[in-house]
Amino acid sequence: MKKVLLTLVALMTSAAMMTACGGGEESSSSTASTSSTASASSSEESTATELSGSVSTDGSTSMEEVIGVLGEQFMTDHPDVSVTYNPTGSGAGIEAVSNGSCDIGLASRALTDEEKAGGLTETTVALDGIAVIVNAENPVTDLTIEQIAQIYTGAINDWSEIDSTASGTIARIIRESGSGTRDGFESITGTEDACLSDQELSSTGAVIEAVRSTPGAIGYASLSAVTGQEGITVLTVGGVAPSEETVLDGTYAIQRPFVFATRTDEPLSEAAQAFFDFATSTDANELIAGAGAVPVAE
């Protein structure tokens with residue numbers, strides 16, 4: 001009897017040990033499976049957030065400050081992405097995106113109906129005032145739209161005709177044909193096809209420098225480019241100074257949009273689409289305002 005009892009105890013102990021071992025293997029297998037799943041999930045998430053490639057932009061020289069800060073921030077956030085900018089002017093930028101030589105065309109004016117019919121879509125990134133500037137030695141500080149038009153069409157040729165304390169022949173500085181700044185300025189002042197010039201220049205910076213170095217000069221440039229510049233005076237127009245507030249509420253008359261032009265029938269690359277989404281979101285508003293333009297994303 002005693003021998004039978006001992007045998008039963010041995011069998012029960014063996015069974016218990018086998019159960020314990022089996023449970024341990026199941027637990028170990030379950031842990032390994034969970035760890036494998038977590039690792040796969042982490043790998044997939046990492047792949048989803050990685051971004052690489054290049055984004056090419058081409059066009060408006062007036063948008064240099066804006067596109068510069070947006071590109072710099074985007075590349076900081078995505079170190080494997082390169083954002084490039086080619087300052088060729090609005091017309092050239094629109095042509096570049098049309099023929100596929102860049103991802104995003106930059107225009108400091110609205111697209112024409114013809115350009116849209118040709119397969120382009122416009123997205124307004126910001127608004128910009130076109131500042132009217134004179135040499136810092138000029139005592140004139142305010143002009144009306146009518147006076148600006150008279151100056152640029154040759155009805156007024158000497159500063160003394162504007163202000164008795166001023167004198168000297170007016171030197172008219174304008175942008176080149178195809179410039180978004182010129183297009184905006186002439187359409188608002190009503191001087192299309194009638195604008196006279198003493199110098200026709202191909203960049204915003206060149207206009208500012210020409211006005212700075214020429215005592216009798218008058219020119220126009222993006223508000224974002226003239227902010228903080230020395231040697232020039234930014235005029236009020238009809239008594240209203242160009243600023244973020246006056247551009248946004250429309251009280252400053254000479255203003256235009258900063259536009260991203262993209263191809264309607266061809267999607268952007270993953271990197272270009274991500275940059276586009278960032279630049280047109282509220283996340284970019286502070287950067288755009290810091291560059292002197294007026295953000296529009298809400």
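Which residues do ring pairs link into a cluster? Hi everyone, let's start there. This is a predicted model, and in it the cluster is made up of Phe-74, Phe-260, Phe-275, Phe-276 and Phe-278, linked by ring pairs.

The structure holds seven aromatic pairs. Take Phe-74 with Phe-275: the ring centres are 5.4 Å apart and the planes sit at 80°, so this pair is edge-to-face. Phe-74 belongs to helix α2 and Phe-275 to helix α10, residues 270–279, so the pair links distant parts of the chain, 201 residues apart. Phe-74 also pairs with Phe-278, and here the centres are 6.0 Å apart with the planes at 35°, so we call that one tilted. Again helix α2 and helix α10 are tied together, this time across 204 residues of sequence.

Strand β1, residues 53–59, pairs with strand β2, residues 81–87, in the parallel sense over seven bridges. The chain gets from β1 to β2 through helix α2, residues 64–77, in a right-handed β-α-β crossover. If you want a landmark, look for Ser-56 opposite Thr-84 in β2. β1 also pairs with strand β3, residues 104–107, again parallel, over three bridges, with Thr-57 partnered by Ile-104.

Stepping back, the protein has 11 helices and 12 strands, and 41% of its 298 residues are buried.

Definitions and conventions:
Residues numbered from 1 in each chain as written. Predicted model: local features only at pLDDT ≥ 70, side-chain atom pairs only at ≥ 80, totals over all residues. Heavy atoms only, no water. Pairing = 2+ DSSP bridges. Helix = DSSP H or I, 4+ residues; strand = E, 2+ residues; numbered from the N terminus. Right-handed = clockwise from strand over helix to strand, strands pointing away. Buried < 20%, exposed > 50% of the residue type's maximum accessible area, 1.4 Å probe, protein only. Phe/Tyr/Trp six-rings, centres within 6.5 Å; stacked < 30°, edge-to-face > 60°.
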